[in-house]
Amino acid sequence: MTADAVPDVERTDDQEDVPLGGYAVLAGAFTTAAAVYAGLARSRGLRLPERVPPWDVALLGTATYKAARLLSRDKVTSFVRAPFTRRTGEALGAEVMDEPRGRGVRRAVGDLVSCPFCLSVWVAGALVGSYAWTPRATRLVCAGLGAVTLADWLQYAWTWTQQTTEE
């Protein structure tokens with residue numbers, strides 16, 4: 001099928017094919033998972049918190065940032081992305097740059113797993129669901145991811161300090 005023969009529903013501009021059908025499948029999967037979780041939570045009598053303290057929001061946000069970054073850019077998690085992406089380069093620290101490959105759902109998953117901003121929605125959904133079910137355990141996991149985030153910033157600060165003093 002040539003690029004001109006691609007239906008308009010699969011194109012958003014004249015530059016590249018966009019797997020809108022694959023995106024719809026992913027959005028449907030996310031929505032289905034949320035609905036199943038909500039139904040299961042309700043059937044088990046889970047009571048949602050009346051409020052979420054700002055500290056927990058900050059902790060969840062930091063953990064979401066780090067988990068999405070680890071899944072989408074870390075060398076060690078490349079095996080998760082490999083069926084859907086190809087390596088295009090190295091980035092700062094231990095991060096790598098991957099780009100999606102394939103067509104349809106495979107390409108859509110490649111877009112998702114190679115984009116920390118896109119993946120953060122899924123990670124946040126999982127963490128918030130876990131927080132509602134087991135807040136103490138989720139806080140512990142989030143604290144660990146928060147510690148890794150802080151350690152990363154300290155590593156960058158140390159490297160910057162070394163480079164500055166060598167100049």
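At what angle do the axes of helix 2 and helix 6 cross, and within what distance do they come? The legends below concern a predicted model.

**View 1. The crossing of helix 2 and helix 6.** The two axes cross at roughly 65 degrees and come within 8 Å. The crossing is left-handed. Two packed helices are described by the angle between their axes and the distance between the axes.

**View 2. The contact of helix 2 with helix 6.** On the helix 2 side, the residues in contact include Asp56, Leu59, Leu60, Ala63, Lys66 and Leu70. Among those they meet in helix 6 are Arg139, Cys142, Leu145, Val148 and Asp152. By class, this contact has 10 nonpolar, four polar and four charged residues.

**View 3. Helix 6 from end to end.** Helix 6 covers residues 135-166, which is 32 residues. At 1.5 Å a residue, the helix should span 46 Å, and this agrees with its end C-alpha atoms, which are 46 Å apart.

**View 4. Buried residues of helix 6.** Thr138, Cys142, Leu145, Gly146 and Thr149 are buried in helix 6. The cover over the buried residues of this helix includes helix 2 (54-73) and helix 5 (116-133).

**View 5. The hairpin of strand 1 and strand 2.** Strand 1 (residues 85-90) and strand 2 (residues 96-100) run antiparallel and are joined by five bridges. Glycine 89 stands opposite methionine 97, a residue of strand 2. Five residues lie between the two strands of the hairpin. In the turn, glycine 93 has a positive phi of about 65 degrees.

Methods. Residues are numbered from 1 along each chain as its sequence is written. This is a predicted model: local features need pLDDT of at least 70, side-chain atom pairs count only at pLDDT 80 or more; totals for chains, interfaces and linings use all residues. Side-chain values use heavy atoms; hydrogens and water are left out. Helices (H or I, at least four residues) and strands (E, at least two) are DSSP runs, numbered from the N terminus. The expected span of a helix is 1.5 Å times one less than its number of residues. Buried means under 20% relative accessible area, exposed over 50%, partly exposed in between (1.4 Å probe, protein chains only). Contact means heavy atoms within 4.5 Å. Two strands pair if DSSP finds at least two bridges between them. Axes are lines fitted to C-alpha atoms, for helices over the stretch in contact, and angles run from 0 to 180 degrees between N-to-C directions. A crossing is left-handed if the near helix is turned anticlockwise from the far one by less than a right angle, and right-handed if clockwise. Ala, Val, Leu, Ile, Met, Phe, Trp, Tyr, Cys and Pro count as nonpolar, Asp, Glu, Lys and Arg as charged, and the others, Gly among them, as polar.
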